[in-house]
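Open the model in your viewer and keep the selection tool at hand.

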Amino acid sequence: RIGITGETGSGKSTTIDLIMGLIIPSHGSILVDGKNIHSEKHPNMLTAWQSSIVHVPQNIFLADTSIAENIVFGIPYEEIDFNRLNIACKKAKIYDFISNCSKGYKTFVGERGIRLSGGQRQRIAIARALYKKRSFLILDEATSALDNNTEEYIMKNLDSSEEKITIIMIAHRLNSLKYCDRILHLSNGELIEKEVKNI
């Protein structure tokens, strides 16, 4: 669990883009298992690395389709693994809300999720990430609309997950980073490590 914090414009999003291989560094290299992900010697490295990552941004894209289709994203409704979907939704603490909707998973969210609150949209995005079952999860201000209790519930679920998931979490609220093992602070182009106990 790695937390990244810093003032607006300090380079948090650029750092994440570098980690995800979306930007080629102007100096140095991005190494995964000791291999440069942009090296011509390892042509499949970047694709393999990116396929292991799921990114949850602050601003979530939701299509005007059902809740289920927004979570599984790209999988036909008849091919959805509902057991896996239920588990992801329970971990993201959105399952009870969906169960209380008259149409359940078939409830339409409206254009850009207009029928949902900010917190519900973020929890659907987290459920989407968990449904994909990737080994590397990036939360980019992905819990900013959640109250402290909901955020704590979700983070504890991620921590107790049977799957080994590496998490990078960007947050402005320092309280959100208390679940992290390490905290990195970006300031004036430098990376400073903080101890969690000092947050």
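A residue is called exposed when its relative accessible area is over 50%, buried when under 20%, and partly exposed in between. Keep in mind that this is a predicted model.

Start with Lys133. Find it in the loop between α6 (118–132) and β5 (136–140). Check its backbone: phi is positive, about 55°, although Lys133 is not a glycine. Lys133 counts as exposed because its relative accessibility is 52%, and the cut-off is over 50%.

Next, select Asp33. This residue sits in the loop between β2 (31–32) and β3 (35–36). Phi of Asp33 is near 55°, again a positive value in a residue other than glycine. With 75% relative accessibility, Asp33 is exposed too.

Now turn to side chains. Opposite charges can pair when the charged atoms come close. How many salt bridges does the structure hold? There are 2.

Select Lys156 and Glu152 for one of them. Their side chains meet at 3.2 Å, N to O. Both residues belong to helix α7 (residues 148–159). They are 4 residues apart, about one turn of the helix. Glu152 is partly exposed, at 25% relative accessibility.

Move on to Arg182 and Glu193. In this salt bridge the closest N and O atoms are 2.8 Å apart. The pair links distant parts of the chain, 11 residues apart: Arg182 is in strand β7 (residues 182–187) and Glu193 in strand β8 (residues 190–194). Color by accessibility here. Arg182 is partly exposed at 39%, and Glu193 is partly exposed at 47%.

Conventions
Residues numbered from 1 in each chain as written. Predicted model: local features only at pLDDT ≥ 70, side-chain atom pairs only at ≥ 80, totals over all residues. Heavy atoms only, no water. Helix = DSSP H or I, 4+ residues; strand = E, 2+ residues; numbered from the N terminus. Buried < 20%, exposed > 50% of the residue type's maximum accessible area, 1.4 Å probe, protein only. Salt bridge = Lys/Arg side-chain N within 4 Å of Asp/Glu carboxyl O.
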